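Subject: Structure for you to look at, with notes on how its chains meet

Dear colleague,

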Amino acid sequence: MEEEKTNTIKENPIELAQQAWTHLELVRKKSPLIQCITNFVSMDLMANTLLSAGASPAMIHSVDEIPEFTPKALGVCINAGTLTPDWLPGMKLAAQVANQSKKPWVLDPVAAGGSSFRLKACLELLALRPSVVRGNGSEILALFKGSVDSNSKGVDSVYGSSDAVEAAKSLAQQSGSIVAVSGAVDFITDGDKVVCVHNGVPMLQKITASGCSVTALISAFVAVDPSHPVEATASALAIFGVSSEIGMDMARGPASLRTHLIDSLYGLDEATALARVRISRF
Amino acid sequence: MEEEKTNTIKENPIELAQQAWTHLELVRKKSPLIQCITNFVSMDLMANTLLSAGASPAMIHSVDEIPEFTPKALGVCINAGTLTPDWLPGMKLAAQVANQSKKPWVLDPVAAGGSSFRLKACLELLALRPSVVRGNGSEILALFKGSVDSNSKGVDSVYGSSDAVEAAKSLAQQSGSIVAVSGAVDFITDGDKVVCVHNGVPMLQKITASGCSVTALISAFVAVDPSHPVEATASALAIFGVSSEIGMDMARGPASLRTHLIDSLYGLDEATALARVRISRF
Amino acid sequence: MEEEKTNTIKENPIELAQQAWTHLELVRKKSPLIQCITNFVSMDLMANTLLSAGASPAMIHSVDEIPEFTPKALGVCINAGTLTPDWLPGMKLAAQVANQSKKPWVLDPVAAGGSSFRLKACLELLALRPSVVRGNGSEILALFKGSVDSNSKGVDSVYGSSDAVEAAKSLAQQSGSIVAVSGAVDFITDGDKVVCVHNGVPMLQKITASGCSVTALISAFVAVDPSHPVEATASALAIFGVSSEIGMDMARGPASLRTHLIDSLYGLDEATALARVRISRF
């Protein structure tokens with residue numbers, strides 16, 4: 001499989017599906033150590049998402065051990081969910097150590113437009129140049145505009161992902177980071193090309209921390225293929241989305257979907273991945 | 001449905017069941033933003049409970065954003081679970097901002113009688129006059145007596161809910177808050193009238209944070225009908241209890257009950273709600 | 001049952017299985033209050049594990065209430081998972097109060113070899129002489145060597161449990177604590193005798209906090225039989241392992257295994273326990 005991996009997003013959807021599978025296989029083989037500095041709500045589901053994909057999560061956030069621990073990680077995930085000022089220094093330090101160690105790190109600017117404090121923190125983290133920023137439409141628009149969202153519903157987006165595509169492109173150009181906007185369709189852009197992922201189910205919005213968890217999965221995928229962050233991000237979003245689709249076939253509601261999603265991610269096989277992954281150019 | 005909503009607890013159980021369903025419909029329609037300042041154990045289940053009911057949870061606790069964020073919320077839930085002194089200012093500030101914004105807030109005095117520190121904190125929060133206080137028998141008795149419970153088993157009640165009814169009435173009169181005592185039967189009182197909810201299953205006691213989560217659900221129900229906190233509280237307890245009963249039909253133990261409970265809350269339909277809700281006057 | 005309980009590990013595997021069942025029955029009867037000071041990732045699963053076994057968990061970590069609360073607990077579980085310096089004083093104080101109150105406490109030195117900060121903290125806690133230390137091979141080796149593990153994968157062990165048996169014996173002799181090493185086979189030693197538990201399934205490694213949760217279960221088992229910490233520890237590991245085996249028969253992946261594990265622990269009956277528990281001498 002690995003030999004077939006390509007350096008750029010292919011035009012051929014079948015090859016894109018193959019690429020997504022190859023990325024998952026790489027995660028399973030390498031079992032990358034992913035350090036997560038994340039909110040209290042998401043820790044459980046995020047760690048289980050990474051484990052079920054084959055990665056090795058470490059929820060470690062103390063400034064006292066980041067200089068020594070972070071260089072051992074293959075990737076870092078930083079999430080602003082239940083932010084307080086005392087967590088910010090650890091987040092920034094981990095970002096800096098990851099940069100120095102040439103390890104990718106991914107930012108999840110949860111509810112970035114929810115308050116001035118939160119927006120400022122997310123913009124400061126963005127200035128440390130994550131490899132990838134993943135948010136919903138509202139979050140990406142807040143980062144782009146640099147202003148608090150008066151319509152904010154907290155962590156739930158009031159904008160669709162397609163509303164935010166142009167903002168995402170501009171934000172990617174300005175920040176130098178890959179920007180991914182999650183929604184009914186996910187858009188991933190480096191400021192120039194835009195890749196779309198059509199996998200996933202609406203009920204994911206009824207599972208807390210499903211967005212946080214897919215950001216962690218992106219961290220693992222980018223960690224095993226740091227030279228191709230757009231492609232690895234698209235692969236992670238597609239694999240997570242496919243797992244939710246398979247899970248949805250068995251689910252009776254959001255809680256059983258969560259269970260089946262994790263089980264499906266763990267058990268996903270090549271034939272199913274190739275048949276279901278839907279990645280395309282914008 | 002909404003037109004049939006009434007201003008007071010009806011004598012007719014069928015109308016009370018209708019009222020509970022109407023409250024759930026209102027939550028699903030309005031999707032109220034509910035800010036939760038809660039303990040680390042409960043964050044996941046609480047957020048998922050709110051999402052499955054149709055509300056929009058935001059786990060935000062920093063004093064740095066409460067003045068700006070809390071006014072956007074339609075209701076606030078404050079829970080003393082894993083309390084430390086550094087969390088108290090945020091809890092108090094959120095209560096005050098909610099009061100100023102004329103938004104209801106609900107207090108869950110977890111293990112109030114467990115220690116002097118915890119009791120003092122809960123009494124200080126109670127003095128900020130929540131719309132509703134929801135606890136088990138031991139917690140309500142501790143607040144009423146204002147003394148530490150030497151029999152305390154931490155978060156698990158050693159008193160039944162019926163032992164605490166008179167204490168709940170007095171506490172409601174003194175505090176000006178609605179007081180809800182959870183147990184085999186739930187009692188809700190404004191200090192004068194007492195309403196009973198007969199829904200629920202004993203195995204809920206084997207699911208951590210099920211009590212915390214029903215308090216959050218009360219916050220959402222009261223948020224969409226702030227003029228009738230007794231009725232909205234009874235409706236939330238009944239709807240959560242009905243969901244647990246439906247879940248129990250499929251459960252093999254506490255973990256699958258948790259899954260089925262959330263699924264059932266998400267999928268609850270009018271006919272089932274009307275057939276199962278059991279609310280009555282004391 | 002209780003009359004048949006023995007003071008030492010029996011040579012006869014059937015009697016050891018009987019002993020494990022007796023320990024579980026004691027937990028169900030006494031419902032011991034177990035105070036847990038643990039990491040953010042594990043709180044939910046740990047509390048649910050204790051509840052499903054019949055114990056009464058209390059996640060309380062503030063120094064402001066430990067002097068008053070900890071003496072009420074029958075056992076204490078201290079876990080270094082998401083450690084920061086501000087949590088250490090509470091952990092140490094709880095250990096000291098438990099010691100003064102003659103209550104057993106159990107240490108889980110999560111990722112002890114992950115950094116100097118973490119190793120130092122774990123060694124300081126170990127110096128307060130827990131009744132039992134439970135870790136994976138890498139963690140026990142790090143404590144024994146007193147050095148940071150350059151191969152560390154965070155919380156996931158790179159050493160098998162059998163690699164660490166001799167280290168565990170030496171560590172037990174030096175520390176005065178019972179040492180338990182989890183793995184494909186679990187080893188429990190007081191520095192002299194070594195007991196093996198052969199229950200469990202490999203997929204437990206794909207469930208975050210399953211190790212933390214079994215440590216909490218050990219706390220509950222030792223709390224109801226503090227005079228026989230080796231035996232109670234082996235019983236807890238076996239009962240948890242058996243529950244995972246039963247769960248595995250129904251599981252489709254790590255998330256459903258987690259659900260079935262908790263359900264199975266809750267519903268475990270004597271015949272199944274006696275048929276499945278596999279404890280032996282080394």
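The count between chain C and chain B is two salt bridges, and please bear in mind throughout that this is a predicted model. In one salt bridge, Glu65(C) is paired with Arg118(B), and the closest N and O atoms are 2.7 Å apart.

Which elements give two or more residues to the side of chain C that touches chain B? They are α2 (43-53), β2 (56-59), α3 (66-69) and α10 (254-267) of chain C, and the largest share, six residues, comes from α2(C). Sorted by class, the residues on this side of chain C are 13 nonpolar, nine polar and seven charged.

The size of an interface is often given as the accessible area lost when the parts come together. For chain C and chain B that buried area is about 2,500 Å², with 57% of it on carbon and sulfur atoms. Leu51(C), Asp263(C) and Tyr266(C) supply 20% of the area that chain C buries against chain B, which is more than any other three residues supply. In terms of residues, the contact takes 29 from chain C and 32 from chain B.

Turning to chain A and chain C, we find that their contact takes 29 residues from chain A and 32 residues from chain C, and that the two chains bury about 2,500 Å² between them. Two salt bridges are found across this interface, and in one of them the side chains of Arg258(C) and Asp44(A) meet at 2.7 Å, N to O. On the side of chain A that touches chain C, the largest share, six residues, comes from α2(A).

How are the copies arranged? Two copies of a chain are related by a rotation about an axis and a shift along it. Here, chain C can be laid on chain B by a turn of 120 degrees and a shift of 0.0 Å along the axis, with an RMSD of 0.0 Å, and that is the relation of a three-fold axis. Of the residues of chain C, Phe40(C) comes closest to the rotation axis, its C-alpha lying at 3.7 Å. Only 7% of the interface residues of chain C are also interface residues in chain B, so the copies meet through different surfaces.

With best wishes

Conventions. Residues are numbered from 1 along each chain as its sequence is written. Chains are lettered from A and ligands numbered from 1 in the order in which they are written. This is a predicted model: local features need pLDDT of at least 70, side-chain atom pairs count only at pLDDT 80 or more; totals for chains, interfaces and linings use all residues. Side-chain values use heavy atoms; hydrogens and water are left out. Contact means heavy atoms within 4.5 Å. Buried area is the accessible area (1.4 Å probe) that two parts lose on being put together, summed over both. A salt bridge is a side-chain nitrogen of Lys or Arg within 4 Å of a carboxyl oxygen of Asp or Glu. Helices (H or I, at least four residues) and strands (E, at least two) are DSSP runs, numbered from the N terminus. Ala, Val, Leu, Ile, Met, Phe, Trp, Tyr, Cys and Pro count as nonpolar, Asp, Glu, Lys and Arg as charged, and the others, Gly among them, as polar. Copies are superposed by least squares on the C-alpha atoms of residues with pLDDT of at least 70 in both.
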